[in-house]
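Open the model in your viewer and get ready to select residues. Each stop says what to pick and what is there.

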Amino acid sequence: MKKTGKKTRISRRVENLAPSGIRAFFDLVLGMKDVISLGVGEPDFVTPWHIREQAVFSLEKGDTTYTSNKGMPELRQEISRFLHHRYGLKYDPHEEALITVGVSEGLDLAARALLNPGDKVLVPEPSYVSYAPVVELAGGKAVRLRTTLENGFKITPKDITRAVTKGTRAMMINYPCNPTGASYSREELLEIAKTVKKHNLLVFSDEVYDELTYDFDHTPLSSLPGMRDRIIYFNGFSKSYAMTGFRLGYACGPKDVIGAMTKIHQYTMLCAPITGQIAAREALRNGARAVAEMKREYKRRRRFIVDSLNELGLPCHLPEGAFYVFPSIKDTGIPSLEFAKNLLTKKKVALVPGVAFGKSAEGFIRISYASSFDNLKEAVRRIDEFLKGK
Ligand SMILES: Cc1ncc(COP(=O)(O)O)c(C=O)c1O
């Protein structure tokens, strides 16, 4: 917790929230021209046309109202059908599913609905930057759950057991993972599930990159025996369907949890935007082909970028999913923020320094390959020049 020492009218909770250590870095990116940006976690594809067309058509028809607080019943039914068909999951669309403004809102609602002041939540490191702030804004305490390159940046049962103390209520997990691309096989998840049960933890399972799993089938944690009642499953449309701007996600879980989340959502958000909901319904009904095409292209880029970085002498494991690689820059001896700043100013390539994802991610950089093949080739050429000091 940061002590400011001076009087402020900002709430202690927000005042004490650690500011993002790389804000100044991104301000620098914004002010520069002709930068190849491999920094953002956003598909470079435009939302498939048939999805946009349904959104446009709905606006032409005048569908511009609020929807039910929980989201359009037809969309919830579509989600329930999709999850059943895809993963064998059974969620009642009326009581166990909530449409949210992205996974972002879902995470916030779950934290506020479930945590009492001081409750501890295990947050993997490195992980998506919003997890710890969401826990702390809800009055909880984020406890670091360190993952390492040696374990492929995966949480292990041992890590969990070591991190659990009195007052640990929940654990966050995200797979495929932003920023490392790590994911888990069913066997690995079964081991994690056993440990989660042993410590009686709730799990926030952020599976927003599920469709972008390249080498094996994605397994939702909630599909494993005896897990359903302790999992809040988060998913959305931003990544798989390239729909970040529609701001659409959903949370599924036990009735009491979804009910409590809905209570907060109805007062603070009222409902997710109707245009996004209509687009999302179309995505689930007819989007499979477009998803498969985007996935094929990401997979091609993944191979290229991993091979290229290893050839340049930046050791890089093959990530199992998402659209990020997380190479080590330890051999260069340059701290990650300095590496990123220098690469940006000298060669106009933007990427994210590992330290943005927690102290233990120092010595790594995150590169998003949600960028065209030509961009990636040019970026590799520039990184090569940068490393050779040209
Ligand atoms: C792991 C992870 N979870 C959630 C989000 C936010 O997703 P949404 O657009 O659905 O709010 C992101 C966005 O980068 C992410 O990487």
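Start with Y209 and F323: both are buried. This is a predicted model. Look at the two rings. Their centres are 5.5 Å apart and their planes stand at 90°, so Y209 and F323 form an edge-to-face pair. Now trace the chain around each one. Y209 sits in the loop between β6 (202–206) and β7 (231–236), while F323 sits in the loop between α11 (288–312) and β9. The pair links distant parts of the chain, 114 residues apart.

Select another of them, F153 and F326. Their ring centres lie 5.3 Å apart with planes at 85°, so this pair is edge-to-face. F153 is in the loop between β4 (141–146) and α7 (157–163), and F326 is in the loop between β9 (324–325) and α12 (336–347), so the pair ties together parts 173 residues apart in sequence. Are F153 and F326 buried or exposed? Both are buried.

Next, select two helices: α5 (residues 102–114) and α9 (residues 255–268). They pack at an angle of about 115°, and their axes are 9 Å apart. Angles of 65 to 115 degrees count as roughly perpendicular, so α5 and α9 are roughly perpendicular to each other. Their crossing is right-handed.

Finish with the side chains between them. From α5, show E105, G106, L109, A110, R112, A113 and L114; they meet V257, A260, M261, I264, H265 and T268 in α9. By class, this contact has 8 nonpolar, 3 polar and 2 charged residues.

Key: Residues are numbered from 1 along each chain as its sequence is written. This is a predicted model: local features need pLDDT of at least 70, side-chain atom pairs count only at pLDDT 80 or more; totals for chains, interfaces and linings use all residues. Side-chain values use heavy atoms; hydrogens and water are left out. Axes are lines fitted to C-alpha atoms, for helices over the stretch in contact, and angles run from 0 to 180 degrees between N-to-C directions. Helices (H or I, at least four residues) and strands (E, at least two) are DSSP runs, numbered from the N terminus. Angles under 35 degrees count as roughly parallel, over 145 as roughly antiparallel, 65 to 115 as roughly perpendicular and the rest as oblique. A crossing is left-handed if the near helix is turned anticlockwise from the far one by less than a right angle, and right-handed if clockwise. Contact means heavy atoms within 4.5 Å. Ala, Val, Leu, Ile, Met, Phe, Trp, Tyr, Cys and Pro count as nonpolar, Asp, Glu, Lys and Arg as charged, and the others, Gly among them, as polar. Rings of Phe, Tyr and Trp (its six-membered ring) pair if their centres lie within 6.5 Å; planes under 30 degrees apart count as stacked, over 60 as edge-to-face and the rest as tilted. Buried means under 20% relative accessible area, exposed over 50%, partly exposed in between (1.4 Å probe, protein chains only).
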